[in-house]
Amino acid sequence: YPPGFPLLLAAAQVLTGRQGAALYVPAILGMLGILSTFALGAVLFDRWVGLVGAGVIALTPTYLSASTSPWSDLASTVFVTGGIALYLWGQSLSVEREKWSAVASAGGGGLVVYSFFIRYTSAVALLPLVLYVLVTQRRDVFRRTTHRLFGGVIILGLLGVLGFNRVYYGGFLTTGYSPRHGWYTWPAFSLRYALGPSPVGGRSLIAAIETLRENLGWLLIPGLIGLMTMSRRERLFTAGLILSFTLFYGLYAFAPRDVNARLLLPTFPAVALTVACGLRYGVLRWGGDKKGRLWTLAGGVFLVVALGWPLPDRLHALQERNEGARQHVQAVQALVEHTEPDAIFLAYALNDPIFFYGKRISLFYRRMPPLDPVTDTYRRDELESRLIEVVTQLLHRSVPVYYVQGSDPPFADSLDILRRHFSLYPQEGTNPLVYRVQE
């Protein structure tokens, strides 16, 4: 994966000296995301819109889930939103405060660039941002040093991403998601995935719209009102940000629903601010007299009910998720507790928890088949020779080797391959079944 999010997790561990500190990073990022939404709203609209928008995003189910899970999507959202807010704030300063504007532009550019190193797709946010700046600043875009400074930082960051890819993955446009590094050989993006099936689900545009509807519920109404009543410049950025990521992931093979709803997190700050704008319009439209105060009160009640009514169910769902994760961790720890500390596990799907919670090394053997660039398929016929060679070397070095039967049927006949060349001994009381591999 790109290095940005792992570096944040590692920094928490290094600074505190506690491995478990990494698990607090998502919650901290969740709070920073709320603050960055407020900051973006205050810069684009006013502090009231920013405050209400922050409250809306904080209680949406996908945001709640991402703020309590170690996914990189929230981290990239926080950095790109905070960076854009800082940059736009710098542009709002007077000429007399040009020094602070330059600092804000460079800092905002740095935050946006770091979001690229967390998730490459954060760069999608540049399209609506560039259009917004061109429309609002016009000729000043090329005159003000701060704009050139921000643009220069972004360009250097993009070149840095290409350089990292070249050094680490082997090509300027090669990533950890490239087929040569074990990803899928079918296209990640396609027009047919929008409304039709993909190898892993598909109908992604439909799923994206459903995810936004499920997160907002009745708040869709003030959200649409907000989009219609805000200024053209404001709409250019907020609607542009929402549409850019919605259409982008609407063409992705993995539909943005359920756990993959997190893919749409970059749209959530803009979505929350449109809701706040719609509520502000209602207050300003009918506020002022006694009847207006009733409308204001009704709007406040509507917001509280829309956000608070489903909250207990959402928190209950998170508790069930946490309990399921806790049981999963305990099962993995039980899986390895009677094995040697230097044991190596051949695992299909439990690699990360075996390493993090089980304190054992895991061999991701399904990445062994090489990619054939001619046929654009993986040479599974080479798995046997590679797997046998590695296991043989480990056993000759007296390293304990275990095989976890993580799929049914096992990946590429891996279990039968090991049986043909080694002796396998099932370990008692393990679920999934674990075999000790010996010569």
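The model is predicted, so local features need pLDDT of at least 70 and side-chain atom pairs count only at pLDDT 80 or more, while totals for chains, interfaces and linings use all residues. Residues are numbered from 1 along each chain as its sequence is written, and side-chain values use heavy atoms, with hydrogens and water left out.

The protein chain has 19 helices and seven strands. Helices (H or I, at least four residues) and strands (E, at least two) are DSSP runs, numbered from the N terminus. Along its principal axes, the C-alpha trace spans about 85 × 50 × 50 Å. Of the 439 residues of the protein chain, 45% count as buried. Buried means under 20% relative accessible area, exposed means over 50%, and partly exposed lies in between (1.4 Å probe, protein chains only). A contact means heavy atoms within 4.5 Å. Among contacts in the protein chain with a separation of 6 or more, 68% are accounted for by residues 24 or more positions apart.

Helix α5 (residues 72–91) packs against helix α2 (residues 25–44) at an angle of about 30 degrees, and the two axes are 8 Å apart. Axes are lines fitted to C-alpha atoms, for helices over the stretch in contact, and angles run from 0 to 180 degrees between N-to-C directions. The helices α2 and α5 are therefore roughly parallel to each other. Angles under 35 degrees count as roughly parallel, over 145 as roughly antiparallel, 65 to 115 as roughly perpendicular and the rest as oblique. The crossing of α2 and α5 is left-handed, a term used if the near helix is turned anticlockwise from the far one by less than a right angle, with clockwise giving right-handed.

Ala85 is placed in helix α5 and counts as buried because its relative accessibility is 4%. Not counting residues up to four places away in sequence, Ala85 touches Ser36, Ala39, Leu40 and Val43. Between Ala85 and Leu311 there are 226 residues of sequence separation and 28 Å in space, C-alpha to C-alpha.

The axes of α5 and helix α6 (residues 98–118) come within 7 Å and cross at roughly 160 degrees. This angle makes α5 roughly antiparallel to α6. The crossing of α5 and α6 is left-handed, and the residues of their contact divide into 12 nonpolar, 11 polar and no charged.

A search of the whole structure finds 24 aromatic pairs. Rings of Phe, Tyr and Trp (its six-membered ring) pair if their centres lie within 6.5 Å; planes under 30 degrees apart count as stacked, over 60 as edge-to-face and the rest as tilted. Phe164 and Tyr168 form a stacked pair, at 5.2 Å centre to centre and with 15 degrees between the planes. Because they are four residues apart in helix α9 (residues 145–169), Phe164 and Tyr168 are separated by about one helical turn. Phe164 is partly exposed at 22% relative accessibility, whereas Tyr168 is exposed at 56%. Ring pairs also link Tyr177, Trp183, Tyr184, Trp186, Phe189, Phe248, Tyr249, Tyr252 and Phe254 into a cluster.

Most residues other than glycine have a negative phi, and most peptide bonds are trans. Asp258, which is not a glycine, has a positive phi of about 55 degrees. Asp258 is found in the loop between α13 (232–250) and α14 (268–286) and is exposed at 67% relative accessibility. Asp413 has a positive phi near 55 degrees; it lies in the loop between β5 (401–404) and α19 (414–421) and is partly exposed at 49%. The peptide bond from Asn431 to Pro432 is cis, with omega near 5 degrees, and Pro432 lies in the loop between β6 (423–426) and β7 (434–438).

Arg262 is placed in the loop between α13 and α14 and is buried, with a relative accessible area of 13%. Arg262 touches Thr62, Trp71, Asp73 and Arg119, not counting residues up to four places away in sequence.

Key
Ala, Val, Leu, Ile, Met, Phe, Trp, Tyr, Cys and Pro count as nonpolar, Asp, Glu, Lys and Arg as charged, and the others, Gly among them, as polar.
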